[in-house]
Amino acid sequence: MLLIVPEGAFAVRLGNEALIKQKVEVVKGDFYSLTFSTARTCAQEERLNVSVSPNNEKNDFGLFPIQTMYSSNGWDSYAWAFQADAHVIEISIHNPGVEEDAACGPLIDSVALKTLYNPKRTRANLLKNGNFEEGPYIFPRPTSEGVIIPPHIEDDHSPLPGWIIESLKAIKYIDSEHFSVPKGKRAIELIAGKESAVAQIVKTTIGRNYVLSFLVGDANNGCEGPMVVEAFAGKNTVKVSYNSKGKGGFKAARLAFRAESTRTRIMFYSTFYAMKSDNSGSLCGPVLDDVKLLSVRKLHHL
């Protein structure tokens, strides 16, 4: 079996029930994001269980099904976040599966740990981390495919501070060094249609007028064709069309609404599935960036 290692010359294969772990000094109470590169070796369903100890939260672990490959080179980088409950913790990556073929088992390559800082809401933006600048570590190697952020059901603490990945499928976190990003250095790519949704719940005042603005584009990664991003603010919604040539670019969009509750759910997803034009079968989709929510006096002046 010939296996490609994305960085350096060596990687680790986790056989049946195999486990790797390492103790790390951290700041108790702080939030951290673990990024690791992984690939499967066989066609069978393979999984990884990522956990940290000690952990005061029951069932706080990440179970990553890796039978779906999102990259075109066979390796994906995943992110998992947690809150440190001690000054010294032990991080474990475990293969809980048992395969008949002893040569099977997921591969692990680069692993990185990053402190996450909780962004604050400001007068210029009622949303936290609306520009997606705060997030998991992205490996700097030239062929980076971004970082897969799992859905909320697999991650109690989001590696994307302020945002909930509340759908069945993951989203991709990308950077300007390897992709086309509309604004700043980071953005997200909605790679799994309506199954790839990102949301945030924000405090609002009933009867007050608000405007949600955002940028929609493509990552310059060969994701071509018509795309539609649907934005929601409570019961209000707008569909934003973007015709991608797969070479970068973006357009601005907005949604004006009057709040009907003290808490409003802001949510985005892609209407359609898309695949890269390189015949790799890799999922891709529209890029979302620079999301802002502002209170305004009158809607008809916009």
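How many helices and strands are there in the chain? The chain has zero helices and 21 strands. The model shown in these views is predicted.

**View 1. The whole chain.** The C-alpha trace spans about 65 × 45 × 30 Å along its principal axes. A compact globule of 302 residues would have a radius of gyration near 19 Å, and the 20 Å of the chain agrees with that. Buried residues account for 51% of the 302 residues. Take the contacts between residues at least 6 apart in sequence: 77% of them join residues at least 24 apart.

**View 2. Ser 270 in strand S18.** Strand S18 covers residues 263–270 and includes Ser 270. Ser 270 has a relative accessible area of 2%, so it counts as buried. A polar atom of its side chain lies 3.0 Å from the backbone oxygen of Phe 272. Beyond its neighbours within four places in sequence, Ser 270 is in contact with Leu 190, Gly 193, Lys 194, Val 228 and Pro 286.

**View 3. Ser 241 in strand S16.** Ser 241 sits in strand S16, residues 236–245. Its relative accessibility is 45%, so Ser 241 counts as partly exposed. Neighbours within four places in sequence aside, Ser 241 is in contact with Met 227, Val 228 and Lys 251. Gly 217 is 24 residues from Ser 241 along the chain, and their C-alpha atoms are separated by 9.7 Å.

**View 4. The cis peptide bond at Pro 54.** Most peptide bonds are trans. The bond from Ser 53 to Pro 54 is cis, with omega near 0°. Pro 54 is placed in the loop between strand S4 (47–53) and strand S5 (62–65).

**View 5. Asn 129, a residue with positive phi.** Most residues other than glycine have a negative phi. Asn 129 is not a glycine, yet its phi is positive, near 55°. This residue is found in the loop between strand S8 (107–116) and strand S9 (147–149). Is Asn 129 buried or exposed? Asn 129 counts as buried, because its relative accessibility is 6% and the cut-off for buried is under 20%.

**View 6. Asn 220, with positive phi in a loop.** Asn 220 has a positive phi of about 60°. The loop that holds Asn 220 runs between strand S14 (209–218) and strand S15 (224–233). Asn 220 is partly exposed, with a relative accessible area of 44%.

Terms used: Residues are numbered from 1 along each chain as its sequence is written. This is a predicted model: local features need pLDDT of at least 70, side-chain atom pairs count only at pLDDT 80 or more; totals for chains, interfaces and linings use all residues. Side-chain values use heavy atoms; hydrogens and water are left out. Helices (H or I, at least four residues) and strands (E, at least two) are DSSP runs, numbered from the N terminus. The radius of gyration is taken over C-alpha atoms; the globule rule is 2.2 Å times the number of residues to the power 0.38. Buried means under 20% relative accessible area, exposed over 50%, partly exposed in between (1.4 Å probe, protein chains only). Contact means heavy atoms within 4.5 Å. A polar contact is a pair of N or O atoms within 3.5 Å; within protein, one must be able to donate a hydrogen and the other to accept it, and residues adjacent in sequence count only if both atoms are side-chain atoms.
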